[in-house]
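Here's a quick tour of a protein model, from its overall build down to a couple of charged pairs. Have a look at it first.

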Amino acid sequence: DELLRSVDSNRTGQIDYTEFVAATLDQKVYMQRDICWSAFRAFDLDGDGIITKDELKKVLHGSDVQKALDAEGKIDRMIAEVDANGDGGIDFEEFLAMMAPQPPRKRQRLSSGPVSS
């Protein structure tokens, strides 16, 4: 009964299609957040709520991965791109923002110069 009331937003006593879809989407969002939390914890080795440069290096410990990332300071750039509050690390909300689907980029047309008739 409580579940029905929580989903029945128009209080008709029945769940209509829109309410069902809304409830399903809400559940997907919660599930996605839980999955992201699990992934975040895999990187946050000390459990302090911040992924640091050192933690990223430890998680990405393969020698080929380290060479590719350290050679050009890519880990620093990765953190800088995601670190919205400027504290030098990635907190969970920043991690979520990074994992969120990005809108498709518009393609730029390549111009070969002026077109003459």
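## Contacts and ground rules

Among contacts in the protein between residues at least 6 apart in sequence, what percentage join residues at least 24 apart? It comes to 33%, with a contact meaning heavy atoms within 4.5 Å.

Bear in mind that this is a predicted model, where local features need pLDDT of at least 70 and side-chain atom pairs count only at pLDDT 80 or more, while totals for chains, interfaces and linings use all residues. Numbering starts from 1 along each chain as its sequence is written, and side-chain values use heavy atoms, leaving out hydrogens and water.

## Overall build

The protein has 6 helices and 2 strands, running α-α-β-α-α-α-β-α from the N terminus. Both kinds of element are DSSP runs numbered from the N terminus: helices are H or I with at least four residues, strands are E with at least two.

Of its 117 residues, 18% are buried (under 20% relative accessible area; exposed is over 50%, partly exposed in between, using a 1.4 Å probe and protein chains only). The protein exposes about 9600 Å², and carbon and sulfur atoms supply 56% of that.

## Two salt bridges

The structure holds 2 salt bridges (a side-chain nitrogen of Lys or Arg within 4 Å of a carboxyl oxygen of Asp or Glu). In one, E93 meets R33 at 2.8 Å, N to O. That pair ties helix 6 (residues 92–99) to helix 2 (residues 17–43), with E93 and R33 sitting 60 residues apart.

In the other, D76 meets K53 at 3.1 Å, N to O. Here D76 belongs to helix 5 (residues 74–82) and K53 to helix 3 (residues 53–59), 23 residues apart. D76 is partly exposed at 39% relative accessibility, and K53 is partly exposed at 30%.

How values were computed:
Areas by Shrake-Rupley, 256 points an atom, 1.4 Å probe, with all protein chains shown as cover.
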